[in-house]
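Visitor: I'd like to learn how to read a few features of a protein model. Could you walk me through this one?

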Amino acid sequence: MKTVSENRAFGGVQGVYSHASAATGTEMTFGLFLPAEAEDGPVPVLWYLSGLTCTHENAMVKSGVQRWAAEAGIAVVFPDTSPRGDGVFDDAAYDLGQGAGFYVNATQTPWAPHFRMWDYVTEELPRLLFSAFPLAEAAQAITGHSMGGHGALTIAMSFPGRFRSVSAFAPICHPSASTWGRKQFTAYLGADEAAWASHDATLLMRKRGFDGPMLIDQGSSDQFLDLLKPEALAQAMAETRQSGAFRMQKGYDHSYFFVSTFIEEHVAFHVGALHG
């Protein structure tokens, strides 16, 4: 593992690191904020998964989460959204290929050799983090924005007991029924829609739900509402009596102005579970 940069922030350290990934077959980069408490021992950790076109840097720079994480004494991990590099296949569209991994393991040509973001985020990166940094594996929470909200919700529901809480900002809620999902799932996973179900938050909610508290924030003026399909997940949460809240925030759009407005509340939500 290589240290790309380390900067003092709110009494802690905002680091950026890179490493050779066996999952993707590429060099991968991630951000990690460690609060001052990490100098004395392992701290709880919040995973932040980013959206389409993002790298590890977007939330790290734009969300303002470090301030609130430092006050709460928790770490925040910022993975990248896809494999990258000259040998990694790409697409001219912004919503497929590099920057658009959708947190799945691709099975289709030409994506399969490198686009294995599910294994990277759920297996390889956690192993590296918990072996190299003072992080408490028993105290994890996860959040994300847009495509990253989709990833956070599907991962949380797929690993019962791993995450104490899950939240999302404007997540892609029902990708099997949306252009943001059907296009990518067909490319990465093939035409058999049965293979998509384990990566659809609405279908997973109907099937198993989440074994902890959940918080979803959605802007009412989000320019991508028709693609996100928040009503599908909200209905599934109500039908299954999921513990949690789905909040429609009047006038907010899909941007990081929206995320940064409510990130303090999301951190507080997770801290309640992580320190509970």
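Guide: Let's start with burial: a residue is buried under 20% relative accessible area, exposed over 50% and partly exposed in between, using a 1.4 Å probe and protein chains only. Phe 30 has a relative accessible area of 0%, so Phe 30 is buried. Keep in mind that this is a predicted model, where local features need pLDDT of at least 70, side-chain atom pairs count only at pLDDT 80 or more, and totals for chains, interfaces and linings use all residues. Residues are numbered from 1 along each chain as its sequence is written, and side-chain values use heavy atoms, with hydrogens and water left out.

Visitor: How many aromatic pairs does the structure hold?

Guide: The general idea is that a pair of aromatic rings is described by the distance of the centres and the angle of the planes. Rings of Phe, Tyr and Trp (its six-membered ring) pair if their centres lie within 6.5 Å; planes under 30 degrees apart are stacked, over 60 edge-to-face, and the rest tilted. The structure holds 16 such pairs. Take Phe 30 and Phe 133: their ring centres are 6.5 Å apart and their planes stand at 90°, so this pair is edge-to-face.

Visitor: Which parts does that pair tie together?

Guide: First, helices (DSSP runs of H or I, at least four residues) and strands (runs of E, at least two) are numbered from the N terminus. Phe 30 lies in strand β3 (residues 27-34), while Phe 133 is in the loop between α3 (117-132) and β6 (135-144), so the pair joins parts 103 residues apart in sequence. Phe 133 is buried too, at 12% relative accessibility.

Now compare Tyr 48 and Phe 78, a tilted pair with 6.3 Å from centre to centre and 45° between the planes. Tyr 48 sits in strand β4 (residues 43-49) and Phe 78 in strand β5 (residues 75-79), 30 residues apart. Both Tyr 48 and Phe 78 are buried. There's also an aromatic cluster formed by Phe 89, Trp 111, Phe 115 and Tyr 188.

Visitor: What does Pro 79 touch?

Guide: Contact means heavy atoms within 4.5 Å. Not counting residues up to four places away in sequence, Pro 79 touches residues including Phe 30, Tyr 48, His 56 and Leu 125. Pro 79 is found in strand β5 and is buried at 1% relative accessibility.

His 19, in strand β2 (residues 12-20), is buried as well, with a relative accessible area of 7%. Leaving aside neighbours within four places in sequence, Phe 30 and Leu 125 are among the contacts of His 19.

Visitor: At what angle do helix α2 and helix α9 cross?

Guide: Axes are lines fitted to C-alpha atoms, for helices over the stretch in contact, and angles run from 0 to 180 degrees between N-to-C directions. The axes of α2 (residues 65-72) and α9 (residues 256-274) cross at roughly 30° and come within 9 Å. That makes α2 roughly parallel to α9; the label covers angles under 35 degrees, with over 145 roughly antiparallel, 65 to 115 roughly perpendicular and the rest oblique.

Visitor: Which residues in α2 and α9 meet?

Guide: Val 65, Trp 68, Ala 69 and Ala 72 in α2 meet Ile 263, Glu 264, Val 267 and Val 271 in α9.

Visitor: And how do α3 and α4 pack?

Guide: α3 and α4 (residues 147-158) pack at about 55°, with axes 12 Å apart. That makes α3 oblique to α4. Trp 118, Val 121 and Thr 122 of α3 make the contact with Thr 154, Ile 155 and Ser 158 of α4.
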